Amino acid sequence: MVEDPIISLKNVSVTFCGNEKNVTAVDHVSFDIQKGDVFGIIGYSGAGKSTLARTINFLQRPTQGQIIVNGQSLIDLSAAQLRNSRKKIGMIFQHFNLMNTRTVEENITLPLLHSGLSKVAQREKAERLLKLVGLANKKMSYPRQLSGGQKQRVAIARSLANDPEILISDEATSALDPKTTEDILTILKKLNTELHLTIIMISHEMEVIKSTCNKVVVLNQGKVVENGSILDLFLHPKEVLTQTFIGFGHQNNDVIQSLDLRPKETVIEVTFINSPNEDQAKIVEIIAVLGVPMRIFYSNSQFIQQRVITNLILGIQGNKEQVAKVLRQLKSHRYNYQLTGGGRSY
Amino acid sequence: MSLISKFFPNVVANQDQFVQAIGQTLYMTAISIIIAGIFGVVFGVILVVTEPNQLLENKFVYQIVDKIINIFRAIPFIILLALLTPVTRAIIGTSIGTTAAIVPLVLGCSPFYARQIQNALAEVDPGMVEASQAMGLTPLDIIIHVYLKEGLSEIVRVSIVTIISLISLTAMAGAVGAGGLGDIAITLGYNQFENDVTIAATAIILIMVLLIQLIGDFFIRRLEH
Ligand SMILES: Nc1ncnc2c1ncn2[C@@H]1O[C@H](COP(=O)(O)OP(=O)(O)O)[C@@H](O)[C@H]1O
Ligand SMILES: [Mg+2]
């Protein structure tokens with residue numbers, strides 16, 4: 001039985017009316033997020049990621065469509081109910097957005113303003129959250145005195161003050177160096193596994209998405225162009241844009257352009273998850289059995305969701321029928337392949 | 001004392017009047033600061049939050065407040081003094097005297113201060129406002145705990161500017177019977193050629209300005225961590 005999604009977007013659009021022309025920042029977007037997902041939204045700058053994120057807590061009212069959180073359609077809520085529902089959706093940002101005039105502790109207790117908790121209880125909670133993000137000794141500091149990574153930890157602690165079920169991370173690591181990015185992502189992953197927090201991870205970097213998310217949508221000019229599990233994205237990218245994000249495409253194009261092909265040589269790309277029965281040797285064997293000459297030009301692996309995904313660029317020499325036979329064999333073994341043009345032939 | 005009576009003979013001769021004038025200037029300034037301060041902050045906040053794309057976006061309210069402020073700021077103060085005579089009489093009961101001067105002072109100063117407050121609050125990082133909205137804070141919470149709190153050092157800065165310009169307005173109000181240091185600088189200093197009175201009045205005003213500047217800077221330094 002499939003559980004009801006914790007968040008469901010149905011045909012959501014956001015159009016900004018400008019003086020000269022209207023900008024449709026989010027264009028008929030629909031997707032479901034299940035409880036416990038780390039749900040990635042990837043796209044280039046201006047793709048509409050932030051606008052889409054803001055519709056999920058209704059900071060941005062959609063021009064059209066429905067947003068359903070925990071079975072409740074947000075459009076039906078009064079302003080006060082909406083504020084309560086926002087308390088259950090934490091949010092962190094690229095530039096942290098901490099209050100400069102407040103200490104770390106005061107930043108974390110700000111969301112508890114109307115919580116009914118006593119001052120002492122609020123401070124205890126701040127202390128507990130700071131421990132959770134590994135910053136217990138900084139509660140009396142001001143944001144100005146902290147590094148970027150420390151600021152983001154405070155922002156995470158603050159976003160958890162009202163015990164949310166959902167956390168929206170809008171480019172939370174984009175202003176941080178790689179090591180700090182890794183630390184922050186580790187914290188977020190911990191929150192997902194230990195607190196069962198559903199996380200929406202927005203980024204323009206596949207590195208961030210692939211190391212944290214189990215599902216992902218690719219956003220391009222406000223439209224969802226790809227939606228599925230992260231493994232699917234790597235194994236069966238539908239769009240050219242997706243290929244540029246997953247990195248194989250980018251590098252592979254360069255490789256393919258530089259190949260010196262033999263007469264009647266066809267280039268094939270095969271992508272597969274490494275496992276005891278699926279590896280390079282098996283593919284070589286499948287083709288060898290057919291007696292078609294073959295060589296491996298390039299092989300590239302990435303570690304995603306505890307799995308190794310490999311992308312091979314092969315050259316096979318043969319006539320049309322022989323190539324077709326190879327492709328049929330690959331298909332019957334459920335390999336995902338792609339014929340690529342390019343290369344220089346003699 | 002003898003030194004004072006040597007250089008400021010007319011100040012000493014009119015000692016009571018001079019001290020009274022200092023009191024009147026302080027009184028006009030203080031009461032006007034309080035009232036204009038309230039008006040300025042309220043309307044400054046209204047401007048900031050009703051602006052397009054802001055917390056309580058409201059084109060109608062924004063346009064009206066914006067226009068009224070522009071109109072009042074366009075009227076020279078000396079003309080405002082004359083223009084407001086009937087209004088002052090309706091509120092205070094008379095249009096002459098120190099208390100009566102508070103009406104034009106407040107109306108002359110509030111629009112300027114509201115604009116200054118608007119500029120000060122516009123400096124508050126929109127990201128902080130977004131974060132506090134995402135926390136589920138109410139618009140009033142956000143005004144108090146984000147705009148006014150985060151903008152406080154900037155508010156103090158523009159308040160100093162406003163208070164200083166208010167003091168100069170009180171001197172001008174003196175010309176129409178409000179009393180104060182501006183008044184004696186004209187009636188004694190200028191009209192009766194008692195130059196030392198003018199110089200002493202100027203010195204007192206400069207000291208006031210300096211003190212306000214010093215106190216303001218002290219608070220700003222304390223606020224900026
Ligand atoms: N408040 C706004 N008013 C007008 N246009 C906006 C507004 N917010 C975003 N946009 C436009 O919407 C598009 C998407 O922006 P955004 O959601 O910030 O993209 P991303 O976060 O993916 O970089 C951009 O073209 C941007 O200029
Ligand atoms: Mg963005």
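**Interface, chain B and selected residues of chain A**

In this predicted model, a salt bridge joins the side chains of A:Arg54 and B:Glu130, with a nitrogen-to-oxygen distance of 2.7 Å. The rule finds one salt bridge across the interface of chain A and chain B. Polar contacts were counted as well, and six residue pairs meet in this way between chain A and chain B, both residues of each pair being at pLDDT 80 or more. On the side of chain A that touches chain B, the elements giving two or more residues are helix H2 (79–87) and strand S6 (89–93) of chain A. By class, this side of chain A holds ten nonpolar, six polar and seven charged residues.

The extent of the interface can be described by residues and by area. In terms of residues, 23 from chain A are in contact with 19 from chain B. In terms of area, the two chains bury about 1900 Å² between them, and 59% of this lies on carbon and sulfur atoms. Three residues of chain A, namely A:Arg83, A:Met99 and A:Thr101, supply 27% of the area that chain A buries against chain B, which is more than any other three residues supply.

Chain B contains twelve helices and zero strands. Its pattern along the sequence is accordingly written α-α-α-α-α-α-α-α-α-α-α-α. Taken along the principal axes, the C-alpha atoms of chain B fill a box of roughly 70 × 45 × 25 Å. Of the 225 residues in chain B, 44% are buried.

Two residues of chain A were examined for their backbone angles. Most residues other than glycine have a negative phi. A:Phe58 has a phi near 60°, a positive value in a residue other than glycine. A:Phe58 lies in the loop between helix H1 (49–56) and strand S4 (64–69) of chain A. Its relative accessibility is 3%, so A:Phe58 counts as buried, the cut-off for that class being under 20%. A:Gln305 likewise has a positive phi, near 50°, and is a residue other than glycine. The loop that holds A:Gln305 runs between strand S13 (294–304) and strand S14 (307–317) of chain A. A:Gln305 counts as partly exposed because its relative accessibility is 33%, a value that falls between the limits of 20% and 50%.

A:Gln305 is also one of the residues touched by A:Thr212. A:Thr212 is found in helix H7 of chain A, which covers residues 206–212. With a relative accessible area of 8%, A:Thr212 is buried. Leaving aside residues up to four places away in sequence, A:Thr212 touches A:Val38, A:Leu185, A:Lys189, A:Met201 and A:Gln305. The side chain of A:Thr212 also reaches the backbone oxygen of A:Val208, at 2.8 Å. A further pair, A:Thr212 and A:Ile168, is separated by 44 residues in sequence and by 13 Å in space, C-alpha to C-alpha.

Technical notes. Residues are numbered from 1 along each chain as its sequence is written. Chains are lettered from A and ligands numbered from 1 in the order in which they are written. Side-chain values use heavy atoms; hydrogens and water are left out. Contact means heavy atoms within 4.5 Å. Buried area is the accessible area (1.4 Å probe) that two parts lose on being put together, summed over both. A salt bridge is a side-chain nitrogen of Lys or Arg within 4 Å of a carboxyl oxygen of Asp or Glu. A polar contact is a pair of N or O atoms within 3.5 Å; within protein, one must be able to donate a hydrogen and the other to accept it, and residues adjacent in sequence count only if both atoms are side-chain atoms. Helices (H or I, at least four residues) and strands (E, at least two) are DSSP runs, numbered from the N terminus. Ala, Val, Leu, Ile, Met, Phe, Trp, Tyr, Cys and Pro count as nonpolar, Asp, Glu, Lys and Arg as charged, and the others, Gly among them, as polar. Buried means under 20% relative accessible area, exposed over 50%, partly exposed in between (1.4 Å probe, protein chains only).
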